[in-house]
Structures are given as structure tokens and as C-alpha cells.
Amino acid sequence: MKPPDIDRVISRVEDLPTLPRTVLRITELVNDPKSSARDLSRIITDDQVLAARLLKLVNSSFYGFPQRISTITGAIVLLGFDAIRNLLLTTSVYDLFSNRKKISLIRQEQFWDHSLACAVAAKVIGNHLRYDKVEELFVAGLLHDIGKIVEMIFLSREFKEINRLVNDKNILMITAEEKVLGYGHPQVGKLLAERWNLPPKLIHIILHHHQPSTAGRFAFEAAIVHLADILCRSLNIGYPGDNKMPDLDQPAWESLRIRPQAIELLLEAIYKEFDDISLFITHTP
Ligand SMILES: [Fe+2]
Ligand SMILES: [Fe+2]
């Protein structure tokens, strides 16, 4: 049977999970320079699950604040808008894709670990380069391979064939996807990102993370996520769907101007931060 073309995947987009309304409203608010901590607090307080989750997170040992934080406004003042949006988006995306019956639990967890490690790595690299919006890089890292999840759920027959090819030939998942489907997870991920009304920067990074030099005005950010993907693969955190290391895109690497000696320090920082964050995000109710 012929594999479904990308138009058919688009037609199935209606069945794709939607981001919780609260998270979308928070994203809008964070992008609005006129919004205040009180506006954000009101939205979060309306959603009891998110409110409880946020208070649990800010009071966790990860942040190590000496005093107990009992109000949402207090949490916002301490952590800042972007960090709050980030935490809530991360836990919401985790919820959307976990416990899907079609995917084995181990697979889900390993894939989640790869995504979270890449998020942490993108942020660590961003900090190293003094990039001003590292929280955006975190979200981009978290979602870079989201197209693979869509394939697992909606193209399960083809996904099996893709996995067989990956294992038989020891190739990258994207190479196998292109053979079986005629397109890869970056294109599929882009569809989901558009459906979620995510900002253009994020859509571009998802679409170009394997060839960051083609990402136009967001080539620098795509290069960061591309390197993040490679660094967390070299740390062996989680499982991205194949065992082959993607080639480092040379122009992208040069555009970052990272000294090769700095890589060791970056790897150490990624490992440590991943350990800290995965503990509480993955085990939050
Ligand atoms: Fe990828
Ligand atoms: Fe990846």
C-alpha cells in the first residue's frame, strides 16, 4: 500500500492533540509587554490543576527557595513570566503524549528523556552564548522531534516499517522516514506546531533542526538546537529513535563560534541540569 502523503497527515491534524487552552492563553500573555503578574496569576488560578502543579514546582528542592511560596503571584514574581510559561508548557506537553496506548511505556519515557535533554542542552548552549531568550530555546529543544510522536500515533503502520529500516541498516530515523513516507518528522512536527499556533521562530527551528543552515532568519537558533540534539545524543540520555549520530552541519557550527574546549563544560552542565529537572517534571502529578 502507498504511504499516506503529507496532505493526508494534514487532514488528520484535526485529530491531533490540542494544547490546553490555559497554556495557549499564558503564551499570548507572556508575549504581551503590557501584561502584569496579576493577569498571569488570574489565568493560572482559574485552572486548579496547573495552579497546584506550579506551587508544587516552586516549592520543590530544585529551586531551593528558603521560604515557602503559597501564592501564584509570589511564584510568578520569584520565577518570572518566561520560566513559568516554560514549566507549564513542558508539563502539559508531557501529559499530552504520555500514556498513549499505542506506544510502549519504555519507549515513551526514553523519547521524553531525549526531548527534555535536548531542551536543557539548548538552554545551556544559549546561556553560554549569552542568547537573550533562552526559555524559547528550551521549548524548541523540547519540541524539535515532536513529529516522531505524531508518526507513532497516527502513522503506526509506517512507523513500524521506519523502525525496521533504522535497525536493519543503522540509519538515521529521518533517512528511513524519507524512504518510507517521502517526508520526515521535521515536516510533520511543523504541521503540529502550526496547529498549536506556536510562534514562527519555533516552527522554523522544528522544520530545520537537521539542516539548520537552511532556516533563514532563524538559522542561529536552529543551529543551537541542532548542536543540542548532537550533544545530548553523545551523552546517551534517552533514545531519539535511532543509534546513528547526525552529521554536524559545518556552517551552523561555525556560526555559533563555540571554542571546541568549551564542549566538555557544556556536556557537564547539560548532564547535571537534566538530572535536576527530569526528577520533578516527570514525577509531577
Ligand atoms: Fe530530529
Ligand atoms: Fe532529536
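**Helices and how they pack**

Modeller: Let's start with a pair: α9 and α12 are roughly perpendicular to each other. Keep in mind that this is a predicted model.

Colleague: At what angle do α9 and α12 pack, and how far apart are their axes?

Modeller: Two packed helices are described by the angle between their axes and the distance between the axes. Here the partners are helix α9 (residues 146-154) and helix α12 (residues 185-195). The angle is about 90°, and the axes are 7 Å apart.

Colleague: Which residues of α12 meet α9, and how does the contact divide by class?

Modeller: From α9 come Ile146, Gly147, Lys148, Val150 and Glu151. On the α12 side they meet His185, Pro186, Gln187, Val188, Gly189 and Leu192. By class, the residues of this contact of α9 with α12 come to 5 nonpolar, 4 polar and 2 charged.

Colleague: Stepping back, how many helices and strands does the chain have?

Modeller: The chain is 285 residues long, and 39% of them count as buried. Take the contacts between residues at least 6 apart in sequence: 65% of those join residues at least 24 apart. As for the elements, the count is 16 helices and 0 strands.

Colleague: In helix α5, where do the buried residues sit?

Modeller: Helix α5 covers residues 72-79, and its buried residues are Ile72, Ala75 and Ile76. Looking down the axis of α5, they fall within an arc of 100°, so they line one face of the helix. The place you asked about, then, is one face of α5.

Colleague: Which residue follows α5, and what is its phi?

Modeller: The residue is glycine 80. Its phi is positive, near 90°.

Colleague: How are α3 and α5 arranged, and which way do they cross?

Modeller: Helix α3 (residues 37-46) packs on α5 at an angle of about 125°, with the axes 9 Å apart. Angles from 65 to 115 count as roughly perpendicular and those over 145 as roughly antiparallel, so this one falls between the two. The pair is therefore oblique, and the crossing is right-handed.

Colleague: Which residues make that contact, and what classes are they?

Modeller: α3 brings Ala37, Arg38, Leu40, Ser41, Ile44 and Thr45, while α5 brings Ile72, Thr73, Ile76 and Val77. By class, the contact of α3 with α5 has 6 nonpolar, 3 polar and 1 charged residues.

Colleague: And how does α4 cross α5?

Modeller: The axes of α4 and α5 come within 10 Å and cross at roughly 50°. That makes α4 oblique to α5. As for handedness, this crossing is left-handed.

Colleague: Which exposed residues are on the face of α4 turned away from its buried side?

Modeller: In helix α4 (residues 48-58), Leu50, Leu54, Leu57 and Val58 are buried. Seen down the axis of α4, they fall within an arc of 90°, so they line one face of the helix. The face turned away from them carries Gln48, Ala52 and Lys56.

Colleague: Is leucine 88 buried or exposed, and which residues does it touch?

Modeller: Leucine 88 is in helix α6 (residues 81-97). It has 21 other C-beta atoms within 10 Å, and 20 or more is the cut-off, so leucine 88 is buried. Leaving out residues up to four places away in sequence, leucine 88 touches Val23, Ile26, Leu50 and Leu54.

Colleague: How many residues of helix α8 are buried?

Modeller: Helix α8 spans residues 134-143 and is mostly covered. Its buried residues include Glu135, Phe138 and Gly141.

Colleague: What is the phi of arginine 130, and what is the phi of asparagine 170?

Modeller: Most residues other than glycine have a negative phi. Arginine 130, exposed, lies in the loop between α7 and α8, and asparagine 170, also exposed, is in the loop between α10 and α11. Both values are positive: near 55° for arginine 130 and near 45° for asparagine 170.

Note on methods
Residues are numbered from 1 along each chain as its sequence is written. Chains are lettered from A and ligands numbered from 1 in the order in which they are written. This is a predicted model: local features need pLDDT of at least 70, side-chain atom pairs count only at pLDDT 80 or more; totals for chains, interfaces and linings use all residues. A residue is buried if 20 or more other C-beta atoms lie within 10 Å of its own, exposed if 12 or fewer, and partly exposed in between; C-beta atoms are placed from the backbone. Helices (H or I, at least four residues) and strands (E, at least two) are DSSP runs, numbered from the N terminus. The arc is that of the directions from the helix axis to the C-beta atoms. Axes are lines fitted to C-alpha atoms, for helices over the stretch in contact, and angles run from 0 to 180 degrees between N-to-C directions. Angles under 35 degrees count as roughly parallel, over 145 as roughly antiparallel, 65 to 115 as roughly perpendicular and the rest as oblique. A crossing is left-handed if the near helix is turned anticlockwise from the far one by less than a right angle, and right-handed if clockwise. Two residues are in contact if their C-beta atoms, placed from the backbone, lie within 7 Å. Ala, Val, Leu, Ile, Met, Phe, Trp, Tyr, Cys and Pro count as nonpolar, Asp, Glu, Lys and Arg as charged, and the others, Gly among them, as polar.
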